[in-house]
Amino acid sequence: MATHDESNGGGTLALATDSLTTLHWLGVALALATGVIHLYLGASFAPSGLGISFLVAGIVFLAGALAVLVDYRRNAMYVLGIPFTLGQIVIWYVVNAPDFGTLGIADKVVQVAFVAVLVVLYRRD
């Protein structure tokens with residue numbers, strides 16, 4: 001579980017990266033990449049509903065990466081991350097077919113790799 005820093009009133013989470021493997025780091029990097037892409041797209045489309053949905057997705061990816069880094073319910077992050085990401089891939093395809101942009105394709109490549117990493121991490125842990 002996450003470590004609490006008692007010197008700061010016990011309420012702050014500390015990084016717990018000693019147990020992270022290369023695969024964990026790859027997953028964190030992929031989550032950060034798709035999170036940043038979604039935040040960029042959200043800022044581009046804000047304040048529309050589409051923009052807000054991108055911002056929310058970006059925040060969720062970043063929060064999930066942070067949860068893994070502080071060892072907060074890692075298995076739950078894997079289990080929740082798989083359908084969340086797969087759902088985004090399906091929605092992206094339905095909304096954008098047949099006009100897929102370069103950034104969208106790049107993001108989906110990142111997301112497919114991310115799902116693969118999450119599946120392996122879930123099966124290992």
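Helix α3 supplies the largest share of the lining of the largest pocket, namely six residues. Helices here are DSSP runs (H or I, at least four residues), numbered from the N terminus. This is a predicted model, where local features need pLDDT of at least 70 and side-chain atom pairs count only at pLDDT 80 or more, while totals for chains, interfaces and linings use all residues. Residues are numbered from 1 along each chain as its sequence is written, and side-chain values use heavy atoms, with hydrogens and water left out.

A pocket is an open set of points on a 1 Å grid over the protein atoms alone, where a 1.4 Å probe fits, with protein on both sides within 12 Å along at least five of seven lines; lining residues have an atom within 4 Å of a point. Its volume is the space filled by probe spheres set on the points, which are joined across faces, edges and corners.

| Pocket | Volume |
|---|---|
| Largest pocket | about 510 Å³ |
| Second largest pocket | about 290 Å³ |

Let's visit the largest pocket. Of its 20 lining residues, His-38, Leu-50, Phe-54, Trp-92 and Asn-96 are the closest to the centre. Two or more lining residues come from each of α1 (22-45), α2 (49-69), α3 (74-96) and α4 (102-124). By class, the lining holds twelve nonpolar, six polar (Gly among them as a class) and two charged (Asp, Glu, Lys or Arg) residues.

Now for the second largest pocket. Its lining has 18 residues, with Val-60, Gly-64, Met-77, Gly-81 and Phe-114 closest to the centre. Here α2 gives the most, six residues, and the lining divides into 14 nonpolar, four polar and no charged residues.
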